[in-house]
Amino acid sequence: MSDFRAEFMEVYEKLKAEILKDLDINLTNGACDWVAKMLDHNLLGGKLTRGPSAIDSYSLLKEGKQLTSEEIILISSLGWCIEWLQGYFLVHDDIMDGSSKRRGRPCWFRLDKVGMIAVNDGVLLRNHIAVILKQHFRGKPYYVDLLELFNEVEYQTACGQMIDLITTQEKDLSKYSLSIHGRIVQYKTAYYSFYLPVACALLMAGENLDNHANAKDILIKMGIYFQVQDDYLDCFADPQVLGKNGTDIKDFKCSWLVVQALERCNEEQKKILDENYGIDDKACVAKIEALYKDLKLEDVYREYEENTYEELINSIEDEETKLSKPMQAVLKSFLEKIYKRQK
């Protein structure tokens, strides 16, 4: 994370206090306590990569110029809006996936007295974004652009989630392919995790997003790479390091790993996939994990990672892409944060 970590965390406390103050005026003290606990549980304790990336991006776009206190507060607020959006997605995602852990602790909906109240809490998280944007950006010339950006990215992510869920629902491995996987992760992950932080920084810097289509394309490719990492780590990472238990196999997810397995397996191995993938049983999951190892998918992933890193660097530095030096720095900063990550 950048040198602005302390300021970033201070802005979180400021935004939370503003939201709780509004609740205190209009609702009961019990509501304030609930929301305070809900915010801390769902917004803190993670990697905090998306929000701070907005700050890093803005700082790099300013080419080393010292940020004013107002700039730090504003770009941190946008960063936290991204973290709020992430929290909203994850609360609902955990419910739909039936997950047990998130960031090394029980999912919000798994806590005593929470349960399906978490559905409404997710809606609250999303609406807090509108409150924050109105409070801090209503007088800015790019306010409407920010509203449209967050609405657009939320819609794209929801579409990706829908494709993921309905593809999983059919329980038909023959429909899984790299193109389907790419479409899911482009919409479900890449837009909000990679494009959104940079787009926020660009808007605050007074830029027109239409002038940065090439950078957007590279960020989407980076987001796909990031999700492939997630798919790999879901199976091969230590749950203690990852902070959650892998669920892709039992949930019949259109994971990069299962797509790679389908392209490489023989008839006998295909039978193992058909009989065990998507079964919520430890023995079945173990058979799929063993198959992945037999197919040497760890080596396949490492080769993919090296090739993708090289391709992304070449795209960033390619003169035909016509990226400014500050934008190149932004993209390289993103890439270095995720290259060979372990969680």
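## Helix packing and buried residues

Glu154 sits in helix 6 (residues 143-169); helices here are DSSP runs of H or I with at least four residues, numbered from the N terminus. The model is predicted, so local features need pLDDT of at least 70 and side-chain atom pairs count only at pLDDT 80 or more, while totals for chains, interfaces and linings use all residues. Residues are numbered from 1 along each chain as its sequence is written, and side-chain values use heavy atoms, with hydrogens and water left out.

**Glu154**
- At 17% relative accessibility, Glu154 counts as buried (under 20% relative accessible area, with a 1.4 Å probe and protein chains only).
- Leaving aside neighbours within four places in sequence, Glu154 is in contact (heavy atoms within 4.5 Å) with Leu85, Tyr88, Phe89 and Arg126.

**Helix 4 with helix 5**
- Helix 4 (residues 69-97) and helix 5 (residues 117-137) pack at about 165°, their axes 8 Å apart; axes are lines fitted to C-alpha atoms over the stretch in contact, and angles run from 0 to 180 degrees between N-to-C directions.
- That angle makes helix 4 roughly antiparallel to helix 5 (over 145 degrees).
- Residues making this contact include Leu85, Tyr88 and Trp84 of helix 4 and Arg126 of helix 5.
- By class, the contact of helix 4 with helix 5 has 16 nonpolar, 6 polar and 1 charged; Ala, Val, Leu, Ile, Met, Phe, Trp, Tyr, Cys and Pro count as nonpolar, Asp, Glu, Lys and Arg as charged, and the others, Gly among them, as polar.

**Helix 3 with helix 4**
- Helix 3 (residues 50-61) packs against helix 4 at about 150°, with axes 7 Å apart.
- So helix 3 is roughly antiparallel to helix 4 too.

- Not counting residues up to four places away in sequence, Met222 touches Phe194, Leu312, Ile316, Leu331, Phe334, Leu335 and Ile338.
- Phe194 belongs to helix 7 (residues 178-204) and counts as buried at 2% relative accessibility.

Notes:
Helix = DSSP H or I, 4+ residues; strand = E, 2+ residues; numbered from the N terminus. Parallel < 35°, antiparallel > 145°, perpendicular 65-115°, else oblique. Buried < 20%, exposed > 50% of the residue type's maximum accessible area, 1.4 Å probe, protein only.
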